[in-house]
Amino acid sequence: MGTGTYNIEKIVGGGDGLARDRAGVIFVPYSLPGEKVELRLLPARKGPRRAAISRIVEPSQSRVQPNCPLYGRCGGCSLQHAEYSLQLEIKKSILAETMARIAKIEIEPEACVPSPLAYGYRSRVRLAAEKGKVGYYSRGKEKLVPLDECALAVEQINRVIPLIKGLLGTVRASSAEPILREDGKVLLHLSGRGEERNYLFRPGEAGAAGPDWIRTDLVPTFTQVNPGQNENLKRMVGRAAEETGASEVLELFAGSGNLTGRLARRGVKVTAVESDPAAAELGRRRFSGSSEARVDFVNAPAREYLAEVRDKARPDLVVLDPPRLGAKEEVALLSEIKPPHILYISCDPATLARDLAILAAAGYGLESLTPLDMFAQTAHIECVARLYL
């Protein structure tokens with residue numbers, strides 16, 4: 001490839017820009033739609049061709065100065081160079097294209113719901129630990145980029161990141177995950193080499209692990225990383241469930257009940273299914289004292305539960321919030337059970353599209369598709385799909 005200029009056509013899943021030459025497609029990190037750039041092709045033995053920007057000939061009017069000095073070196077973010085309104089448009093466009101390409105579903109998604117905070121929103125981060133340092137890996141995971149704070153993390157998390165290094169001499173950890181709990185305390189989960197340990201941050205206290213950290217039996221359970229946007233998600237799910245008029249709801253991948261309370265309106269029975277015993281028990285305790293909510297927490301894998309009840313029950317509404325791998329086997333079983341309404345919350349448009357194709361083949365229509373920016377400054381996309389039979 002020469003040193004001519006190339007036009008960035010669009011941003012694709014993963015956050016790279018797409019350019020073309022006679023040999024085909026080139027993926028260009030840190031570019032924006034409509035920009036003209038000079039590129040340097042990066043060496044690669046296999047896979048798609050990638051290039052680095054040598055010079056921006058014509059920058060986008062939506063290009064902004066990144067907020068983090070590590071941006072471009074750290075692999076945690078990929079869209080800090082884009083004005084926030086453009087980030088929302090990019091995510092909506094990626095979602096629509098993914099549906100058309102994988103699921104063969106043509107739909108105009110709703111406007112992307114902006115995050116209440118574009119920075120400083122993450123209540124948990126997963127850091128790599130290596131040679132007494134913590135940080136994120138670079139984009140190609142070639143090396144660790146050490147850091148003492150993250151521009152996306154809340155203040156309480158950034159306060160403890162520099163203090164994690166003091167534990168690494170006593171624990172052989174390859175991963176460090178500080179988590180801000182609902183009670184305001186920071187729980188630190190260290191893991192690696194088959195070992196896991198949890199600590200509570202207690203400033204000024206000296207435990208066996210050293211100053212400021214107390215070993216604890218508390219264990220982390222899944223929580224959304226963006227508390228403000230999570231409130232928007234819960235409101236959206238509650239409103240959608242109410243509009244279906246459902247009196248019996250089945251919730252799959254329920255965690256410890258993040259969405260359950262918005263589903264358990266007066267007179268509605270919710271069966272919440274969760275495979276993690278600790279999360280299921282926490283959810284069970286959360287709703288055990290409620291006089292209005294009729295919630296039954298079941299500790300079981302979603303697939304096994306569906307296989308057991310497929311000939312016995314037909315809930316009015318099924319709500320599922322699976323991990324990034326999606327729910328291929330679960331939606332295949334749902335296509336047999338045929339609930340009249342399905343609400344699918346996804347953090348990966350590609351696996352969502354794959355699963356929606358299965359439901360479409362079973363007769364389901366896609367009523368609406370709404371992206372939420374749960375992960376501002378990154379290319380990750382959360383969305384809610386409403387389906388009906």
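Me: How many aromatic pairs does the count come to?
Reply: This is a predicted model, where local features need pLDDT of at least 70, side-chain atom pairs count only at pLDDT 80 or more, and totals for chains, interfaces and linings use all residues. Residues are numbered from 1 along each chain as its sequence is written, and side-chain values use heavy atoms, without hydrogens and water. Rings of Phe, Tyr and Trp (its six-membered ring) pair if their centres lie within 6.5 Å; planes under 30 degrees apart are stacked, over 60 edge-to-face, the rest tilted. By this rule the number of aromatic pairs is three.

Me: What kind of aromatic pair do Tyr30 and Tyr71 form?
Reply: Tyr30 lies in the loop between β4 (24–28) and β5 (36–41) and Tyr71 in the loop between β6 (49–58) and α1 (84–103), so the pair ties together parts 41 residues apart in sequence. The ring centres of Tyr30 and Tyr71 are 5.2 Å apart and the planes are at 75 degrees, which makes the pair edge-to-face.

Me: Are α7 and α8 roughly parallel or roughly antiparallel to each other?
Reply: The axes (lines fitted to C-alpha atoms over the stretch in contact, with angles from 0 to 180 degrees between N-to-C directions) of α7 (residues 328–337) and α8 (residues 349–361) come within 9 Å and cross at roughly 15 degrees. Angles under 35 degrees count as roughly parallel, over 145 as roughly antiparallel, 65 to 115 as roughly perpendicular and the rest as oblique. The two helices, α7 and α8, are therefore roughly parallel.

Me: Which residue in β3 stands opposite Ile11?
Reply: β2 and β3 (residues 17–21) pair in the antiparallel sense over two bridges; pairing requires at least two bridges found by DSSP. Opposite Ile11 stands Gly17.

Technical notes
Helix = DSSP H or I, 4+ residues; strand = E, 2+ residues; numbered from the N terminus.
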